[in-house]
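The sequence and structure come first.

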Amino acid sequence: YNDTGARMQTLTEENRRREEEKYQEELKALQSEINPHFLLNTINTIRFMADIAKFDSIRDMAANLMSILDCVLRNRSRRYTLADEVRLLDAYIQIMEVRYGNSFAVNKDFTPDSLSCRLPKLLLQPLVENAIFHGLDGREDGVIQLTGRVEEGVLHICVRDNGAGMTDQQARACLAGPKKETGHSIGLWNVQRRLKLQYGEQYGLAVESGLEQGTCVRVTLPAQMDEK
């Protein structure tokens with residue numbers, strides 16, 4: 001009886017702590033949305049000026065950036081699916097292709113049922129950004145492979161690159177929390193923390209890598225289908 005009471009108290013405390021952390025994350029997200037109209041209007045002005053000056057690449061980059069910010073800052077719909085995330089990711093990839101001179105390719109293979117699954121916003125963008133900035137940095141034949149499937153009620157997503165790779169210690173450090181000397185771990189750790197707060201400890205990220213063998217970041221979360 002005492003053991004059961006102690007376990008119940010522990011579970012209650014864990015649930016309270018998780019709800020408090022979720023509240024703090026939501027508060028930070030709301031604070032980051034302050035005055036989005038000014039930012040969007042400014043970028044739209046840049047796009048308009050670039051169009052007049054016939055700077056097509058700048059115009060397209062501004063348009064893609066507007067698409068990303070419009071999703072992040074304005075769209076508060078709870079019906080955000082993997083298909084929406086892929087469209088946002090396409091805009092981001094086009095910006096990076098201009099910056100890096102089309103030095104890498106991105107292949108996507110998502111099953112139809114995976115594209116209907118709901119998920120948090122900006123789940124894949126930090127993973128692809130990490131692959132471009134750190135995995136493929138300096139390479140002219142970089143390839144990023146994105147896959148998604150649903151198995152037994154779980155959504156599995158993989159972001160794989162053919163870049164420089166990491167040691168086992170570096171791979172573990174990516175999910176251990178932000179550190180000054182490993183700035184690239186911040187994005188992965190942030191996604192990991194968000195997933196575990198929202199879905200529980202059994203879900204999240206796993207990093208597989210080896211030096212000169214590329215890196216694969218695997219994502220697992222509940223397959224919650226969007227039923228419109």
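## Salt bridges

Is arginine 59 buried, partly exposed or exposed? In this predicted model, arginine 59 has a relative accessible area of 24%, so the residue is partly exposed. Its salt-bridge partner is aspartate 51, with the closest N and O atoms 3.4 Å apart. Aspartate 51 is also partly exposed, at 37% relative accessibility. Both residues belong to a network of salt bridges that links Asp51, Asp56, Arg59 and Asp60.

The whole structure holds 10 salt bridges. Among them is the one between arginine 149 and glutamate 151, where the closest N and O atoms are 2.6 Å apart. Arginine 149 is partly exposed at 35%, and glutamate 151 is partly exposed at 38%. Another joins the side chains of lysine 196 and glutamate 201, at 3.9 Å from N to O. Glutamate 201 counts as exposed, with 55% relative accessibility.

## Aromatic pairs

Three aromatic pairs are found in the whole structure. In one of them, the ring centres of tyrosine 100 and phenylalanine 104 are 6.5 Å apart and the planes lie at 70 degrees, so the pair is edge-to-face. Tyrosine 100 is partly exposed at 25%, whereas phenylalanine 104 is buried at 8%. Together with Phe133, these two residues form one aromatic cluster.

Tyrosine 199 and tyrosine 203 also pair edge-to-face, with 6.5 Å between centres and 75 degrees between planes. Both tyrosines are buried.

## Helix H6

Helix H6 spans residues 125-135 and is mostly covered, with eight of its 11 residues buried. The buried residues include Leu127, Val128 and Ile132, as well as Gln125 and Asn130.

Note on methods. Residues are numbered from 1 along each chain as its sequence is written. This is a predicted model: local features need pLDDT of at least 70, side-chain atom pairs count only at pLDDT 80 or more; totals for chains, interfaces and linings use all residues. Side-chain values use heavy atoms; hydrogens and water are left out. Rings of Phe, Tyr and Trp (its six-membered ring) pair if their centres lie within 6.5 Å; planes under 30 degrees apart count as stacked, over 60 as edge-to-face and the rest as tilted. Buried means under 20% relative accessible area, exposed over 50%, partly exposed in between (1.4 Å probe, protein chains only). Helices (H or I, at least four residues) and strands (E, at least two) are DSSP runs, numbered from the N terminus. A salt bridge is a side-chain nitrogen of Lys or Arg within 4 Å of a carboxyl oxygen of Asp or Glu.
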